[in-house]
Amino acid sequence: MNRPAEFEAPTASVRGLLEKLGEGRLSVRDRLAIPPQEMPAQDPAARRGNMDEVALGYSEEQARLEALRCLQCKNAPCIASCPVGIDIPGFIAEIAAGRYAESLAVLKKSNLFPAICGRVCPQEVQCQATCTVGKSLKSLDKAVSIGRLERFAADRERESGRLEVPAVKPATGKRVAVVGSGPAGLAAAADLAKEGHAVTIFEAFHKPGGVMIYGIPEFRLPKDIVGREIEALEQMGVEIRTNFLVGRTRSLKDLLDRDGFAAVFIGSGAGLPKFMDIPGENLIGVFSANEYLTRSNLMRAYDLQHADTPIFKAKRMAVLGGGNVAMDAARTAVRMGAEKVFLVYRRTEREMPARVEEVAHAREEGVVFRFLESPTRILGDERKRVTGMECLSYTLGDPDASGRRSPVAVPGSEHLLDVDAVIVAIGNESHPLLLQTNPEIAVSRRGNIITDETGKTSMDRVYAGGDIVLGAATVILAMGEGRRAAASINRLLAEE
Ligand SMILES: Cc1cc2nc3c(=O)[nH]c(=O)nc-3n(C[C@H](O)[C@H](O)[C@H](O)COP(=O)(O)OP(=O)(O)OC[C@H]3O[C@@H](n4cnc5c(N)ncnc54)[C@H](O)[C@@H]3O)c2cc1C
């Protein structure tokens, strides 16, 4: 599905716009008249049966047209609403001019992993939400597709086969440990290695990448993209030790006092799934989304010809929740052959935290959305296998602490949903192990590590960031946190 690496000649329509641009005659009106470019995608019927990436990426023609829609605003509200402050008009102007390597260089100043963020960042509630084009055309859908352009610039380099390895300063002789290899840990490791420190990442799983490898499915984020970022890190000299559980294999104190690390960054994520706490959750056929997705992605259960990892095959599945994790689980279940997949959510589509694009893709793939509904118990047979789910109907009441209207149960509305498996995707929290074995680290009531504005924890020389600090958040926020803590560690080590 990859597009050819060689450049395509611009068509007459793009040439005309570029000529105007070159002569300084491309007006705001011209830019606003360019139609928003749709992202080509795999046909829904075909993709139900494969794990290939759904969104196919812009052609060069589309990318340049989309880039020419950007008004290059002086005040650039998009930059202020990007969590890592990317120079968005800057990288887009380079695409419009056909200078893709330069565009990527602008992106990489603020974002180490644009091919990843271009695919999974919730741009519609960040940079694109404040885009002047969207506001001028009175429709958020018509904002410049910043994420798709970011992906385009990053993919041009990937398709060329080049692997850009950032320069590393001379060795300082100081060692830093990074716990966890998700986006927070990888971003911290990159910035620490650039400074010349010897970095070791300790990862509990057998493969690095965190949620980007074990949680987000291949059809949204191809694993070779994450693999390339990890390869670049290794070429910078970062050592990755997998199957290493900090807190069990070694304590944080051991790393600092016995193993010679001068500082530690914790980016251990929020990998502990929450459950509903309703009768029947222990029946055979009830899973957390984490387990289901880990079996499919990390353990490659979907790859029936090459892996013999068991995964529960069901005919009628219910997925509980309304976030990205729920969408990923439901869409994976479709690909694993479930005949009917219900997405059960106790509010309405408007309150769902999942990305709009993911909801649309799930619907196209046949996922049936059941709003204003939530289970009260899961039913099983004498062999303890799921046979159905009892649900209540809901209406919406006043807004709750999250600002969304709260679900209110309708008394007497009990009804049955005929399913033979249930996937619970109602959120994750931090795993207690690392924190139980290191009581020096202060945590919040919800079990998240408390840090100061530099990313430092209550333990000397120990920093933290990403989901373990923020609670389940986003890839870009985790990266930003990793970079902030790395900058603090770099300062600390420079002073010694
Ligand atoms: C299914 C799913 C879909 C998502 N979709 C999106 C999306 O579309 N867009 C988006 O922006 N965000 C999405 N998110 C959220 C995003 O993936 C997370 O916010 C992000 O990965 C957090 O990064 P992190 O580095 O803090 O932790 P993680 O990515 O969770 O990585 C933590 C790593 O630490 C390891 N670890 C944990 N404890 C230890 C230990 N004691 N010793 C050694 N290693 C340890 C874990 O094995 C893991 O590999 C999704 C999350 C899930 C679960």
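Predicted model: local features only at pLDDT ≥ 70, side-chain atom pairs only at ≥ 80, totals over all residues.
Biologist: How many residues surround the ligand, and which are the closest?

Modeller: The shell holds 32 residues. The closest are Val120, Glu203, Arg220, Val246 and Asp467.

Biologist: Which polar atoms sit by the ligand's oxygen and nitrogen atoms?

Modeller: To call something a polar contact, we look for N or O atoms paired within 3.5 Å. Take Val120: a polar atom of its backbone is 2.6 Å from a nitrogen atom of the ligand. With Glu203, a polar atom of the side chain is 2.6 Å from a ligand oxygen. Ala473 uses its backbone, with an N or O atom 3.2 Å from an oxygen atom of the ligand.

Biologist: And how much of the ligand's accessible area does the protein cover?

Modeller: On its own, the ligand has 1,000 Å² of accessible area, and the protein covers 94% of that.

Biologist: Which elements give two or more residues to the shell?

Modeller: Those are helix H11 (183-194), helix H16 (324-335) and helix H20 (475-494).

Biologist: What is the make-up of the shell by class?

Modeller: Sort the residues into nonpolar, polar and charged, and you get 17 nonpolar, 11 polar and four charged.

Biologist: Let's zoom out. How many helices and strands does the chain have?

Modeller: The chain has 20 helices and 16 strands. For its overall form, compare the radius of gyration with what the globule rule gives. The chain comes out at 24 Å, close to the 23 Å given by the rule for 496 residues, so it is as compact as a globular protein of that length. The C-alpha trace spans about 75 × 60 × 50 Å along its principal axes.

Biologist: What percentage of the chain's residues are buried?

Modeller: A residue is called buried when its relative accessible area is under 20%. In this chain, 53% of the 496 residues are buried.

Biologist: Back to H16, then. Is Arg335 buried or exposed?

Modeller: Arg335 is part of helix H16. Its relative accessibility is 10%, so it counts as buried. A polar atom of the Arg335 side chain lies 3.0 Å from the backbone oxygen of Arg331.

Biologist: What about phi: which value do you get for Lys138?

Modeller: A positive phi in a residue other than glycine is what to look for here, and Lys138 has one near 55 degrees. Lys138 is placed in the loop between helix H9 (132-136) and helix H10 (146-160). Its relative accessible area of 75% makes Lys138 exposed.

Biologist: Where does Leu372 lie?

Modeller: Leu372 is in the loop between strand S9 (368-371) and strand S10 (373-380). Its phi is also positive, near 55 degrees. At 26% relative accessibility, Leu372 counts as partly exposed.

How values were computed: Residues numbered from 1 in each chain as written. Heavy atoms only, no water. Near = heavy atom within 4 Å. Polar contact = N/O pair within 3.5 Å; in protein donor to acceptor, adjacent residues only side chain to side chain. Areas by Shrake-Rupley, 256 points an atom, 1.4 Å probe, with all protein chains shown as cover. Helix = DSSP H or I, 4+ residues; strand = E, 2+ residues; numbered from the N terminus. Nonpolar A, V, L, I, M, F, W, Y, C, P; charged D, E, K, R; others polar. Rg over C-alpha atoms; globule rule 2.2 N^0.38 Å. Buried < 20%, exposed > 50% of the residue type's maximum accessible area, 1.4 Å probe, protein only.
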